[in-house]
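Grab your viewer and let's work through a few packing exercises. Each one has a task, then a solution in steps.

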Amino acid sequence: METESVVSSTTTITTSLQSEEEICGFYEGYSTQRFIIISGCTTVAFFGVLANLLLMAVFRRSLPSSIFLAALATCDTLICLTYLLLFGVDAGIVYLKNTTLFFLYHRYIVPVFFVAKVVQFAIPFILILITFERYLWTCTEPKRKTLAAIFNERGRIFTVVFVCLTSVGLRFPVLYAIKVESFPDCKDYFRSESMAQTDWAMESELYRVFDFHVITAIQMIFPFVILLFLNLTIIQRLVAEKRENLYPVLRGSSGPSSEAKKVSFVQGNLPENYVLLQVAADVIKESLIRRYVLIYCLCSCLCIHR
């Protein structure tokens, strides 16, 4: 009898818990450690928004030549802002118990989540555009002319717009995969609404494969391989160019100056400010090398004279 009563009470408790879960939304909960971590990350994201807004204002002055950098700063601003709205506000709701904030959070969470997915997808490809432009600076003149249409003023705008539209198009299914589910019979107001997958997203095997495997390959693996290849090639060519420029100086030969090489090297596609900075840096570098060579020769002569 006692065993039967224990089993009966356990079944009753389980049934009541299941019914409570059915009439109330899912609640993940916050430990103190998790709240501290998210609060710290939210603070970093807030300053990230301010810093990237400042960068956007700086790059705005040199548009459209700096549109890649401006687009990257915009995406970084949005990713920091969406973190604030998705995680920082959620943590604030739990500890502040603010009903207005809870209501607003569930009104904007779906579109903000969609924006976060779009921005996450776009950032690697904007980095590829920036890196590929640097890669072209190390290429020969015929190759730069072949791709000049992509990296002139109109080309930069077109490529950024294309990346943004492609990101929106590929991540658009997210809008139909999540929803805010209401639980009007729940007595706890802070569990009366929660995020949930739509029936279509749960039933579609094709969407699950696309959202995880395909998007992961396009968004993470492909950009990683391309960026790794481009950056290794850039480093290899810069090291080779440095050795080529350094060798005649140490030998004392009177070949073409490095600044003249640099001007002819970057003619056409490179922003004017970058040209001036690179020429100035090479002039300073070459003058320092010659000075050190001269000092070394003088010291050697003095030692021999003694």
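**Charges over rings**

In this predicted model, R107 puts its charged end over the ring of F103, 4.5 Å from the ring's centre.

**Exercise 1.** Find the ring that K97 lies over, and the aromatic cluster that F190 belongs to.

*Solution.* Start at K97: it lies over the face of F190, 5.4 Å from the ring centre. Next, look around F190: together with F102 and Y189 it makes up one aromatic cluster.

**Exercise 2.** Classify the ring pairs Y105–Y108 and F158–F162.

*Solution.* The structure has 13 aromatic pairs; here are two of them.
- Y105 and Y108 are 5.8 Å apart, centre to centre, with 75° between the planes. Planes over 60 degrees apart count as edge-to-face, so that's the label for Y105–Y108. Both sit in helix α4, three residues apart, or about one turn. Y105 has 8% relative accessibility, so it counts as buried.
- For F158 and F162, the centres are 6.4 Å apart and the planes meet at 20°, so this pair is stacked. Both belong to helix α7, four residues apart, again about one turn.

**Exercise 3.** Work out how helix α3 runs relative to helix α7, and who touches whom.

*Solution.* First, the geometry: the axes of α3 (residues 67–96) and α7 (residues 153–171) come within 9 Å and cross at roughly 25°. Angles under 35 degrees count as roughly parallel, so α3 is roughly parallel to α7. Then the contacts: from α3, I67, F68 and A71 meet R156, I157, T159 and V160 of α7. Sorted by class, this contact has five nonpolar residues, one polar and one charged.

Technical notes: Residues numbered from 1 in each chain as written. Predicted model: local features only at pLDDT ≥ 70, side-chain atom pairs only at ≥ 80, totals over all residues. Heavy atoms only, no water. Axes fitted to C-alpha atoms, helices over the stretch in contact; angles between N-to-C directions. Helix = DSSP H or I, 4+ residues; strand = E, 2+ residues; numbered from the N terminus. Parallel < 35°, antiparallel > 145°, perpendicular 65-115°, else oblique. Contact = heavy atoms within 4.5 Å. Nonpolar A, V, L, I, M, F, W, Y, C, P; charged D, E, K, R; others polar. Phe/Tyr/Trp six-rings, centres within 6.5 Å; stacked < 30°, edge-to-face > 60°. Buried < 20%, exposed > 50% of the residue type's maximum accessible area, 1.4 Å probe, protein only. Lys NZ or Arg CZ within 6 Å of the ring centre and 35° of its normal.
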